[in-house]
Amino acid sequence: MDDQDKKQGKATLAARAGGYTDAGSGGVVPPMQPSTTFIRDENYDPLFADNIYGRDQNDQVRLAESILSQLEGAEESLLFASGMAALSSLFSSLKRGQKLIVQSGIYWGTTAWVREFCTHREVLLIEADSSDEVAFSELVKQENPDMVFLEVPSNPWILTSDIEVISQTAKSVGAVLAVDATAATPILMQPISLGADIVMHSATKAINGHSDVLAGVLSCANASSDVWIYVKRERHGAGAILSAQSAWMLIRGMRTLPLRMERMCANAMAIAQFLEGHEKVEAIWYPGLASHQGHAIAARQMPRGYGYLLSFLIKGTRKDALDFCRHLTGIHRATSLGGVESLVEHRHTIEGDVTGCPENLIRLSVGIENVADLIGEISTALSCLE
Ligand SMILES: *Cc1c(COP(=O)(O)O)cnc(C)c1O
């Protein structure tokens with residue numbers, strides 16, 4: 001199968017909600033079943049063996065997980081109430097005294113949470129840049145960690161780490177390799193096929209794509225691995241499952257995921273090309289640009305598109321960066337990413353100094369609007385700067 005066939009496969013799978021039809025009604029859309037509990041018969045056997053109580057079992061959650069597993073090439077997937085709930089379950093598998101290497105300069109919420117968690121749990125935490133896979137692999141060999149955590153592409157620096165190379169090193173020391181691939185989605189990159197053990201997404205972002213559902217997902221390469229068995233027990237015990245209503249919305253959102261990604265990647269590429277070399281732009285990070293330090297790796301890992309996120313530095317100060325945001329007339333000034341509507345962020349306002357974000361950094365999450373409108377608006381806002 002060439003890439004085109006695989007892409008059509010995913011678009012078909014998503015559009016048909018994993019091939020679901022409702023035998024009860026003939027509906028082409030799955031029904032919404034919000035029940036938190038399920039009936040047992042006279043012998044006290046469950047009417048449906050898989051349905052006992054909503055903290056574990058729910059038809060919409062199962063269907064959404066099955067669609068995600070198919071898109072991801074995973075053995076199993078588990079949905080959580082948010083991306084952070086998914087990460088919390090994953091990191092909770094680490095015991096006191098174990099060692100975790102986390103990529104530095106990633107989503108600040110993960111960074112802040114994991115630092116506190118490791119201090120509290122007495123897990124040894126090392127943060128290191130992973131965009132140089134040789135240096136990073138050396139560190140992994142030297143430190144012999146229990147888990148390695150990457151974010152690819154990273155946020156807000158949009159750096160690309162070589163998952164294949166790092167996964168081999170992680171395997172050689174027996175570490176679990178987990179990858180947050182939120183900025184790629186399973187449409188653009190499949191970390192499991194590159195050697196990752198666990199893939200995580202904030203499904204709040206492009207997987208749902210409409211800025212109206214909070215959700216997180218973990219998918220695994222091997223459902224009988226220790227880490228997966230732990231994560232499953234943890235979601236059940238700690239009650240971090242996604243709600244039935246949110247799962248139903250997510251299934252609806254995912255139907256257009258491959259289509260949205262096509263448009264978002266094309267728009268982001270055009271905007272990146274417009275910004276590169278613009279007189280008011282000091283630097284830009286988008287993996288699709290040949291000038292991006294991780295371009296060659298991204299071209300290998302994300303052959304269908306380079307994603308919908310890009311960051312750039314405004315030539316000037318914090319005030320200039322905020323002025324740029326102020327002069328945008330339609331792109332919303334709001335945190336988050338991956339929705340059909342483009343969003344602009346002055347990251348330093350949001351995260352402060354947690355990961356060393358410069359005060360003139362702007363991050364764009366590019367949506368599905370007409371690209372000429374987006375570029376026109378960005379161009380006007382840049383020309384308003386002195
Ligand atoms: C948003 C985000 C998260 C956290 O997900 P929530 O759904 O907001 O809990 C984790 N990683 C990345 C890369 C994100 O963008």
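In what follows, Ala, Val, Leu, Ile, Met, Phe, Trp, Tyr, Cys and Pro count as nonpolar, Asp, Glu, Lys and Arg as charged, and the others, Gly among them, as polar. By that division, the shell around the ligand holds five nonpolar, six polar and three charged residues.

This is a predicted model, in which local features need pLDDT of at least 70 and side-chain atom pairs count only at pLDDT 80 or more, while totals for chains, interfaces and linings use all residues. Residues are numbered from 1 along each chain as its sequence is written, and side-chain values use heavy atoms, with hydrogens and water left out.

The pLDDT, the predictor's confidence in each residue from 0 to 100, has a mean of 95 over the protein chain, and 98% of the residues reach 70 or more. Over residues 1-5, however, the pLDDT is below 50, and beyond near neighbours in sequence this stretch has three contacts in the model (contact means heavy atoms within 4.5 Å).

The ligand is surrounded by 14 residues, and the closest are Met-84, Asp-180, Ser-202, Thr-204 and Lys-205 (a residue is near a molecule if one of its heavy atoms lies within 4 Å of it). The table gives polar contacts, that is, pairs of N or O atoms within 3.5 Å.

| Residue atom | Ligand atom | Distance |
|---|---|---|
| Gly-83, backbone N or O | oxygen | 2.9 Å |
| Asp-180, side-chain N or O | nitrogen | 2.6 Å |
| Lys-205, polar side-chain atom | oxygen | 2.7 Å |

Taken alone, the ligand exposes 380 Å², of which the protein buries 92% (accessible areas come from the Shrake-Rupley method with a 1.4 Å probe). Helix 3 (83-91) and strand 6 (198-202) are the elements that give two or more residues to this shell, where helices (H or I, at least four residues) and strands (E, at least two) are DSSP runs numbered from the N terminus.

Note on methods
A polar contact is a pair of N or O atoms within 3.5 Å; within protein, one must be able to donate a hydrogen and the other to accept it, and residues adjacent in sequence count only if both atoms are side-chain atoms.
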